[in-house]
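Subject: A structure to look through

Dear colleague,

I am passing on a structure for you to look at, and below it I have set out what was found. Please keep the view open while you read, so that each part can be located as it comes up.

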Amino acid sequence: MLKELFNLTLIQHTIRTATPLILAALGGLLTEHAGILNIGMEGMILLGSFFGVLGSFHFSSYLGGIFLAALIGISIGLLFAIFVIELKSDEFIIGIAINMFAGGLTVFLLRSIFGVKGAFSSPGIIPLPRINIPMLSHIDFLDTIFNNHSIFVYISWILVILVYIYLYKTPYGIWLRASGEYPEALETAGVSSKKMKYISSIFCGLFCGLAGAHLSLGYLTLFTENMSADRGFIALAAIIFGGANPAKTFAAALMFGFFDALGIRLQVIGIPSQFTQMIPYLATVFALFIVMKRHMTKLKRKIPTI
């Protein structure tokens, strides 16, 4: 039984399930550094999933799906920024509103455009291409783990490096972090903190839109109602667990992806789905408990004893 669970296929599935979490978390950590906690990522992923399928189906091209998913992500990210930054609205309320709006809009459009309820699947949906690296095909375990994944799997790995370089090795990254930590000092230096917050929110929307496109065109080739399945919140947990550091957040997303993949594998050996679907969320709660305990320990060390 253990051999059926813990094998190379589990690692392969971990990489696939972790990809939307990685993409969304990379966007969310940008807003986190800019001093904005974006809980609207769940809705952004869901909208990216729907418009990814819509674009792929109507344009008969996965590029059309990527374009529409990216466009809706950027649009919602900009809308979020206008309400939170320009109009000074509460970021939690706006995030919840985006999630509710996305859930209702996708259900409405699914029935209005495709005339179906629950899910839409069609041979006309063009999936994301899968990449095969010839040099890895000669080594069985590398071929199983790293080959034949959606193109977004490899893009997400590259983005982790690029976001790290952007945040810690470029002046723009310093400005972005300063916009959340020391906005007054940034303004004194002649750089608009508001502009940096806008940029972070737009990129968050873009990355969440791409996460949705991977979910509906790379991981699956269909759209179902509420298919984001709280991945936006799990991505937020990965950001918190990883301290908004791209490398650590990447590792946290892989961990949550592992538990998601493990839940799916447990169904194969006959474990009821009602139990296995709980596993990623239990792992999320446990991870946040560790973060909180670690934070409380640091606070106790800082408080002087009398």
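Helix H7 (residues 151-169) has 19 residues, and at 1.5 Å a residue it should span 27 Å; its end C-alpha atoms are 27 Å apart, so expectation and model agree. Please bear in mind that this is a predicted model. Several residues of H7 are buried, among them Phe 152, Ser 156, Leu 159, Val 160, Val 163 and Leu 167.

Next comes a pair of helices. Two packed helices are described by the angle between their axes and the distance between the axes. For helix H4 (residues 62-86) and helix H10 (residues 193-219), the axes come within 7 Å and cross at roughly 145 degrees, and the crossing is right-handed. Where H4 meets H10, the residues of the contact divide into 15 nonpolar, 6 polar and 3 charged.

The aromatic rings deserve a careful look as well, and the count comes to 12 aromatic pairs. In one of them, Phe 50 and Phe 223 are placed edge-to-face, with 5.3 Å from centre to centre and 80 degrees between the planes. Because Phe 50 belongs to helix H3 (residues 41-59) and Phe 223 to strand S4 (residues 223-224), this pair ties together parts that are 173 residues apart in sequence. Both Phe 50 and Phe 223 are buried. Another pair joins Phe 258 and Phe 259, whose ring centres are 5.4 Å apart and whose planes stand at 70 degrees, so this pair is edge-to-face. Here Phe 258 counts as partly exposed, at 27% relative accessibility, and Phe 259 counts as partly exposed at 26%. There is also an aromatic cluster, formed by Phe 50, Phe 51, Phe 57, Phe 114, Phe 120 and Phe 223.

Finally, there is a serine to find: is Ser 112 buried or partly exposed? With a relative accessible area of 43%, Ser 112 is partly exposed. Ser 112 lies in helix H5 (residues 91-113), and a polar atom of the Ser 112 side chain lies 2.8 Å from the backbone oxygen of Phe 108. From Ser 112 to Ile 264 the separation is 152 residues in sequence and 32 Å in space, C-alpha to C-alpha.

Methods. Residues numbered from 1 in each chain as written. Heavy atoms only, no water. Axes fitted to C-alpha atoms, helices over the stretch in contact; angles between N-to-C directions. Helix = DSSP H or I, 4+ residues; strand = E, 2+ residues; numbered from the N terminus. Left-handed = near helix turned anticlockwise from the far one by under 90°. Nonpolar A, V, L, I, M, F, W, Y, C, P; charged D, E, K, R; others polar. Buried < 20%, exposed > 50% of the residue type's maximum accessible area, 1.4 Å probe, protein only. Polar contact = N/O pair within 3.5 Å; in protein donor to acceptor, adjacent residues only side chain to side chain. Expected span 1.5 Å × (residues − 1). Phe/Tyr/Trp six-rings, centres within 6.5 Å; stacked < 30°, edge-to-face > 60°.
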